[in-house]
Structure formats: structure tokens, C-alpha cells
Amino acid sequence: MFDRHASTLSEIQRLIESKRVVGTSKYGWEQLRSSTPEPVHGRKNMDVQTELYLEELSDVIETADSGCQTDAFLDRPATPLFVPAKTGKDAATQINDGELFDFDSEVQPLLEVLVGKTVEQALLEVMEEEEVASLKAQQKYYEDLRHAELAEVQRLREQERRRIAERERRTVEQKKALKEQHELAKKITAQAFTRRYLDGIIPSAVSALTEKGFFFDPVKRDVETNFIPCLMKETMKMLGKREAVRQLLDTIIYEVAQTNQAAVRQ
């Protein structure tokens, strides 16, 4: 059955290969063959058989049906277990009870070893626990010591910071006090110089200002600026009236005198 399938497959592959070779050669011949030129005006190209033997041209492709049936595959049997070939010769012996060893006497060393190992392991575990407890106590001690050292360092840093701040504050206060003292000395010096300078200039300045009228008696200034001008104005008005009356009286007297003189002449 397998040979028949193998032969069928080989035939199919051979047919496919032959078709491929034929198609390749045909394609190569078509590539090598020169193409037909374009037809002139009014004509057209048509396919014409130029082979030695004519073939019937038809659009219907001839087909035929065929079928085949393959045999069913049988299940593969289970692979048997591998059993190596037997070598040597079989032998047998008989052992009665108590011939090999006495359990009570032979088990004692084993029990001693087991008990010893158990006690040793227990002692190791106890010692390990004590060592762990000791390590934890030492670790706690060192952590407390480290915390105390860190607290001390923090305290010292804070103390140093306060000391530096206090020193800077006192430096600023000292500079401020020196500056104020320097300014006070300048003010005292300026005040003494001004006093010595003004001791001789104040009297002359007061007298000059007094002469120029900057320093005056309010009553006197009021009399001079308000009362005397008003009084002079009223006096001038009165004198003007008196002068007018006198001129009028002179005119009247002159006219009376002229009239009397004219009367005497007549």
C-alpha cells in the first residue's frame, strides 16, 4: 500500500515538473519571438495558425472527471517495554530469625546517636537563641548610644547656632551703637560750631532785619499802616473842604466889595 502511494506521488511530481518545464520553455519562446507591428489605418491584426498541423480552436475546454480512494490507516500498536537481556545465575539462601542481628542490642547505638544529635541540636538552638538575644541587646544598646550621640550633636549644633546668632546680634548692636555715637559726636560738634558762629552773627542780623523792617511792633505797624493813612486821608478831605469854603468866601467877599465899590462910585 505504501509503495503504491509513493509511486502515485512520484508520478504527480513528475507531471508537475514537466508542465513547469513546458511553461518555462513556452514563456521563453514567446519572449524571444518578435512582436507583431501595429496595423495600418483601416486594417486590423488577427490570430492565424502557422504551425504545420492545424488544430481546432474552440472556447470550450475539454474536461473529464476522475476519482480515487485511499485505504484507511491502521492504528499503530503500542511500543512494548524494553527488557534487558538476563545475565548471571540465580542463587537463593535461607536466613532464620535472630541470625543477622539482635534488635534490642543493635538499636541502642542508633538511639544513642539519635538522642545525642537531638540534644546537640537543642543545645545549638538554645545557644543560637541566647546569641540572638545578646545581639539584639547589643544592637539596642548601640542604637540608644547612637541616638544619644545624635541628640548631643543636635544640641551642640543648636548651641553653636545660638552662639553665632548672639554674636552676630551683638556685632550689629555694637555697630549700631558706634554709628549712633559717631552721629551724636557730629551733632554736638555741629551744634558747638553753630553756636560759636551765631554768637557774633545773631545781633548784627537782628539789627539789620530790624532796620529793614522785618522785626516791628505790631501796634506801631498797625498805627503806621492803618490809622495814620486813614487820618491823613480824612485830614486832606477836611482841608480840601476848608479850602473850598475859603475860596467860596473869598469870591463872595470879592463880589460884595466890587458891588460896594460900584455903588460908591455912583
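Q: What makes Asp90 and Lys86 a salt bridge?
A: The distance does it. In this predicted model, the closest N and O atoms of Asp90 and Lys86 are 2.8 Å apart. The cut-off is a Lys or Arg side-chain nitrogen within 4 Å of a carboxyl oxygen of Asp or Glu, so a pair like this one counts.

Q: Why are Asp90 and Lys86 called exposed?
A: The label needs over 50% relative accessible area. Asp90 comes in at 66%, so exposed it is. Lys86 has 65%, so the label is exposed here too.

Q: How do you know that Arg162 and Glu158 form a salt bridge?
A: Check the gap against the cut-off again. The closest N and O atoms of Arg162 and Glu158 are 3.9 Å apart, and the rule asks for within 4 Å, so the pair is counted.

Q: Why are Arg162 and Glu158 separated by about one helical turn?
A: Because Arg162 and Glu158 sit four residues apart in helix α2, which covers residues 103-211.

Q: Why do Glu160 and Arg163 count as partly exposed?
A: Once more, the numbers have to fall between 20% and 50%. Glu160 is at 37% relative accessibility, so it is partly exposed. Arg163 has 42%, so it goes in that class too.

Q: What makes Glu166, Arg169, Arg170 and Glu173 a network?
A: Salt bridges link these four residues, Glu166, Arg169, Arg170 and Glu173, to one another. As for the overall tally, the count by this rule comes to 11 salt bridges.

Q: Why is the pair of Tyr141 and Tyr142 called edge-to-face?
A: There is one aromatic pair in the structure. The ring centres of Tyr141 and Tyr142 lie 5.5 Å apart and the planes stand at 65°, so edge-to-face is the label. The limits behind that are centres within 6.5 Å and planes over 60 degrees apart.

Q: What makes the nonpolar surface patch, and where does Ile202 lie?
A: Phe193, Tyr197, Leu198, Ile201, Ile202 and Val206 make a patch of about 540 Å². Ile202 lies in helix α2. A patch residue needs over 30% relative accessible area; Ile202 has 43%, so it clears that limit and counts as partly exposed.

Q: Which elements does the chain have, and in what order do they run?
A: The chain has three helices and zero strands. From the N terminus on, that reads α-α-α.

Q: What percentage of the chain counts as buried?
A: Of the 266 residues, 0%. Buried would take under 20% relative accessible area. The accessible surface of the chain comes to about 27,100 Å², with 59% of that belonging to carbon and sulfur atoms.

How values were computed
Residues are numbered from 1 along each chain as its sequence is written. This is a predicted model: local features need pLDDT of at least 70, side-chain atom pairs count only at pLDDT 80 or more; totals for chains, interfaces and linings use all residues. Side-chain values use heavy atoms; hydrogens and water are left out. Helices (H or I, at least four residues) and strands (E, at least two) are DSSP runs, numbered from the N terminus. Buried means under 20% relative accessible area, exposed over 50%, partly exposed in between (1.4 Å probe, protein chains only). Accessible areas come from the Shrake-Rupley method with a 1.4 Å probe; for residues, only the protein chains shown count as cover. Rings of Phe, Tyr and Trp (its six-membered ring) pair if their centres lie within 6.5 Å; planes under 30 degrees apart count as stacked, over 60 as edge-to-face and the rest as tilted. Patches are made of residues with over 30% relative accessible area and no salt bridge: like charges are joined within 9 Å, nonpolar side chains (Val, Leu, Ile, Met, Phe, Trp, Tyr) within 5 Å.
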